[in-house]
Each structure stands twice: as C-alpha cells, then as structure tokens.
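Visitor: Could you take me through one part of this model in detail? I would enjoy a close look at a sheet and what surrounds it.

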Amino acid sequence: MFVVSTRPIKRAICLTGLLLSACSISHRQEVAMGSDYAAQINGQLRFVKDAEVNRYLSVLGDSLASLADTRGLQWHFYLVDSPEVNAFAVPGGYVYINRGLIERTTNMSQVAGVLAHEIAHVTERHSVQQMESQQRANTGLTIVCVLTSICDNQATQTAVQIGGGALFARFSREHETEADLLAVATLTKAKINPRGIPEMFRILLNERQRDPGALDGWFRTHPLEEDRIRESEAAIRRQPGAQARGLSVDSPRFQSFKRRLASLPRQQARTR
C-alpha cells in the first residue's frame, strides 16, 4: 500500500524513564507524526491537480472539520487520482479520498458522509490508539533493549516499525461504529442530510455483490456489513434534527464539481 519509514515513529517513542509505564502519544507528537507521514504519502501518490476541484473538496471538508474538531488541528484534504474506491485519514488532520470513490457517489451528502467519517477517525485518535496499543504490547521488548543493550539497531527498528503498521491497519468494528455515529452528528450540525452515510454504504455493498473483487482496498480497511447500515439509520432516527426538513442532500456546486472531475484526464499510476 504505502511505504512508510520508521523515522517519524521514533518521535513518538516514550523516553526511557517512561517505558516502565504505559506509553502514550501526546497531541504534539501526533501532529508531528501526521506531518511526517503525510509528506511521505504525498511523495508516493498522484493527486488531482485542478484548483477548482480541490477548492471545493477543501471547503466541504473544512466546514465539517470545524464542527467536529475541538483541538484546533490544521486540516488538509487531498483528492487522490486513483480509480480505486478508498479513503483514509492520517493523525493530525490529513484526509485522503480517492477519485474512484467520488465517481461512485450520486450526491453531495454521500461524499460529506465519507469525509465526516474519516474526520471522526482523526478527532477520536483511532490510529493513535492502535499505535499506543501496539507499543504497550511491545513495551517489554523495548525495556530489555534499553536496559541491557542486547538489541542491535535492526531489532529496535523492527519494534518501532510496528507502530507504523498501525497507521494503516483495519480499524476495529468499535472504531468504525464510533466514526459512523459521529459522522451522523457532524452532518446534522452542518445541515447536511446524514442519510448520505447509509446510502454510500449501500452503493459500496451493491457493487461488491456485482463484482466481489472490485472494492478490495476499501473493505480491507473499512469493515462494512448490513448491520452497519441499520446502525447508522438508527443513529439518524435518534439524532435531534436529523429528521428535519431542509437538510441538504445535493447542490449544483457538487454536481459541477463531479462534472469537472469527470472531464479531467487521469494520471498514470506511479510505479517503483
């Protein structure tokens, strides 16, 4: 998927004196890691280079992040020029959505739902929690390395690299459900119809039924079954204001965004 070096993870390794307790990644470390990861990712992906298209995505993303973020992160939204259906977020406020996913949508609320879901993964620090969990699982090994000096650099790097793998690990069902519920709340606050969330789920599930291998990338990192549709719909019924009339489903600006994106030539995938 992505080749992520161990360098940024080293910033998050707790000081030797703290290794005897459960290590935790601070807000400052999270932002620093996110910045480093994004720099590496951006060097490996192709992006849609059109000012108008990127402006629309950023405005929509920022409008949602401003309602969900309580830590004052600086948010960055990227449109990846890939036909594959996928979206992911990096700690610190970096959100990526593939062109192929946009092409499957039919209205603005569906894209907004995907963005709000990925924003929730960042605000709730789901990737960071995975890193912390894996660090705790390997704290014993790290202590031995530090206290006895029997570990060579390669062994230390292997332990550190486990944290990098957590960045792109499959989120737990609990984290996915939490991101869904928070996305429903964020869209409702933004006066966008949250029904775009279960609608997007159905679009993806229907396509998987037609072509089981077509969306492997999405389903590898985003566990999705029928019960998540039911849960998101139940959350919408519970959300104050979600049933109100006047919530936006689509807009001329979104349809213009989709038409302009469709008119742009595709870039060839970068090879290594």
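Visitor: Which strands does helix α2 lie across, and at about what angle does α2 run to β3?

Guide: Happy to show you, with the reminder that this is a predicted model. Helix α2, residues 27-42, lies across β1, β2 and β3, and its direction is at about 30° to β3. Another helix, α3 (residues 51-68), packs on the sheet too, where α3 touches β1 and β3. The direction of α3 makes about 135° with that of β1.

Now to the sheet itself. It is an open sheet of 3 strands in the order β1-β3-β2, and the pairing is mixed. β1 (76-80) and β2 (87-90) are the edge strands, each with a single partner, so one side of each has no neighbour in the sheet. On average, neighbouring strands are turned by 15° against each other, direction ignored.

Let us take the two pairings in turn. β1 and β3 (residues 94-98) run parallel and are joined by 5 bridges. β2 and β3, by contrast, run antiparallel, with 4 bridges between them. In this pairing F88 stands opposite Y96 of β3. β2 and β3 also form a hairpin with 3 residues between the strands, and G92 in the turn has a positive phi of about 100°.

L261 touches L79, and its other contacts beyond four places in sequence are V48, V53, R99 and I102. With a relative accessibility of 2%, L261 counts as buried, the cut-off being under 20%. L261 also comes 8.5 Å from D50, C-alpha to C-alpha, although 211 residues separate L261 and D50 in sequence.

Two packed helices are described by the angle between their axes and the distance between the axes. The axes of α5 and α9 come within 8 Å and cross at roughly 125°. That angle makes α5 oblique to α9, and the crossing is right-handed. On the α5 side, S109, A112, G113, A116, H117, A120 and H121 take part; they meet H175, E176, A179, D180, L182, A183, T186 and L187 of α9.

S109 belongs to α5, which covers residues 108-123, and S109 is buried, at a relative accessible area of 1%. Leaving aside residues up to four places away in sequence, S109 touches L187, I192, N193, G196, E199, S248 and V249.

α9 itself covers residues 173-189, 17 residues in all, and reaches 25 Å from its first C-alpha to its last, close to the expected 24 Å. Its buried residues include H175, E176, A179, D180, A183, T186 and L187. Just after α9, K191 takes a positive phi of about 65°, and that is where our tour can rest.

Terms used. Residues are numbered from 1 along each chain as its sequence is written. This is a predicted model: local features need pLDDT of at least 70, side-chain atom pairs count only at pLDDT 80 or more; totals for chains, interfaces and linings use all residues. Side-chain values use heavy atoms; hydrogens and water are left out. Helices (H or I, at least four residues) and strands (E, at least two) are DSSP runs, numbered from the N terminus. The expected span of a helix is 1.5 Å times one less than its number of residues. Buried means under 20% relative accessible area, exposed over 50%, partly exposed in between (1.4 Å probe, protein chains only). Two strands pair if DSSP finds at least two bridges between them. Axes are lines fitted to C-alpha atoms, for helices over the stretch in contact, and angles run from 0 to 180 degrees between N-to-C directions. Contact means heavy atoms within 4.5 Å. Angles under 35 degrees count as roughly parallel, over 145 as roughly antiparallel, 65 to 115 as roughly perpendicular and the rest as oblique. A crossing is left-handed if the near helix is turned anticlockwise from the far one by less than a right angle, and right-handed if clockwise.
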